[in-house]
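The stops follow one after another.

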Amino acid sequence: MDIKLREVEYRYAAGTPFERLAITDVSFHIPSGEYVAIIGHTGSGKSTVLQHLNVLLKPLKGEIEIGRRTIVAGRKEKNLKDVRRRVGIVFQFPEHQLFEETVEKDICFGPFNFGVPMEQAKKRAREAVQLVGLPESVLERSPFELSGGQMRRVAIAGVLAMKPDVLVLDEPTAGLDPRGRHDMMEMFSSLQKKNGLTCVLVTHSMEDAARYADRIVMMHKGRVYKTGTPHDIFRDRDSLTAIGLDVPETVRFQRLMEAQLGRPLSRLCLTPEELAEELSRMRRESL
Amino acid sequence: MGDSIISIERVSFQYPDQSDFALKDVSLHVQRGEWLAIVGHNGSGKSTLAKMLNGLHYPQAGHVTIGGLELCEENVWTIRVKLGMVFQNPDNQFVGTTVQDDVAFGLENSGVEQTVMKERVLTSLEKVGMASFLNQEPHHLSGGQKQRVAIASVIALQPDIILLDEATSMLDPLGRDEVMETIRELKEREGLTVISITHDLEEAAKADRVIVLNKGSVYTEGTPQAIFQMDQELLQLGLGVPFTVKMSHLLAEAGLQLSKRHFNEEELVKELWTLNFEK
């Protein structure tokens, strides 16, 4: 399911003395099945954009095409249920939203409210815990006796159980330890590759954007500053530092190495693995 | 042991209804004026330890001594003045409607006189570089700025020790640098003892000493350089290693010559060059 934003503008507290422009003239395209990362400094408008993707916020100008549905500024929109089911948002610290007595009930809450019969919702809960890498036995437990990382997985399972076409992730690994972070990012990547989910990741981590995204949208002061592939974006360090961001560590290291070698490497490496391989190839060639 | 400001002797703690110990026979010392990082995976016991240092939990076995006082219900209020804590979520620790009210809150509660209070609020905010925000509302601040105000609230009470419990984990990279730089300056100028509980390795790398917790016990301790030499072992504990250490490992695996796991980026670049590419 494609999502297209066209000249979207949003103001908080519009029409009051506290009115504040959050985003303006935002246009970009999220092609079906792709992994798109949105990067930008705190306050750049990332979260405001994110809330438009399933119409939690409605644009004050412009329009958003979500699959076959078009949300146009100023028009009354009814029956957004289907859009909200198809675009699942995992908010920051989603474990704060857990509330049910058991994990199973918590995961079933979403699908059940979208009209899925309870028996089927339970079946989906079983599938969803498996997708997030938890044992089925967790279903009977209270979500509140789980560890932080497990709680986060349960909350994500609750979103997956609605069988969305698009998964929107707002800093999904904040506060997790390194292994938890790695496992969770790999999980989203595999959902995108194997289950064909479209992924939209809002992140501060240039490393994650470089490793996982097909396409990157850079936000700055409420506008789209630049879009492109990770190679396009991370090749140009100046445009990143101009808005308070930086290249991934790997790219920074590659540049240091190039300065030492006195010549550029044959390609821009986005992950440490790629860079190690490239340097090893160079060494073999120079022998 | 030398000039310990905190001594933890054979401490154990178990939460109700849990079969495993959150802390099991833990002993460690914190030296006055050092920066100690305590790292461990989620569930390793580091948050329990943090709560214990601030008297939110008491040891079920063993002893905790902070600034010469045994941690117990009688001393807990004195201890909380000596040891200030900065928590993970900047939004959960604001009580005031303006930045200066917020910093004043703790002082008011400890009965500090008005004129002294005004001065301390101002100097504390100056120390964290937030003095120009006196009358701002907290929700207009960035995450890094909020955490700096939280730090100001803590140092206004003039503690000897500041404990950061995952205090940068919710911040963006700039906010993180901002807070770490503030802490480093404070430590140097005021001679504070800093304990940072973290799984951010770059943060741990800035400490004088690192203690690794695993499953409620002290797994190992040492300088950051020494700890991060263990790279694969740390990964198995669910921790990561700083970028240059990881890069060294991958380069060595890819067949490049390196004498060790490098900790310093420039050294790694230099050695890669001299051992592999220089003709």
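**First stop: around B:G144**

Select B:G144 and, leaving aside its neighbours within four places in sequence, you will find that B:G144 is in contact with B:L171, B:L174, B:G175, B:E178 and B:V179, where contact means that the C-beta atoms of two residues, placed from the backbone, lie within 7 Å. Before going further, note that this is a predicted model, in which local features need pLDDT of at least 70 and side-chain atom pairs count only at pLDDT 80 or more, while totals for chains, interfaces and linings use all residues. Residues are numbered from 1 along each chain as its sequence is written, and chains are lettered from A and ligands numbered from 1 in the order in which they are written.

Now extend the selection to residues 143-155 of chain B, which form helix 5, the helix that holds B:G144; helices (H or I, at least four residues) and strands (E, at least two) are DSSP runs, numbered from the N terminus. Is B:G144 buried or exposed? B:G144 is buried, because 23 other C-beta atoms lie within 10 Å, and a residue counts as buried if 20 or more other C-beta atoms lie within 10 Å of its own, as exposed if 12 or fewer do, and as partly exposed in between.

**Second stop: where the chains meet**

Display both chains, and look for the contact between them, to which chain B gives 31 residues and chain A gives 29 residues. On the side of chain B that touches chain A, helix 6 (173-190), helix 10 (243-253) and helix 11 (265-277) of chain B each supply at least two residues, and the largest share, six residues, belongs to helix 11 of chain B. By class, this side of chain B has 14 nonpolar, 13 polar and four charged residues; Ala, Val, Leu, Ile, Met, Phe, Trp, Tyr, Cys and Pro count as nonpolar, Asp, Glu, Lys and Arg as charged, and the others, Gly among them, as polar.

Colour chain A as domain 1 (3-247) and domain 2 (251-287), with bounds that come from an automatic or database domain assignment. The centres of domain 1 and domain 2 of chain A, taken over C-alpha atoms, are separated by 34 Å. Seven residues of domain 1 of chain A are in contact with five residues of domain 2 of chain A.
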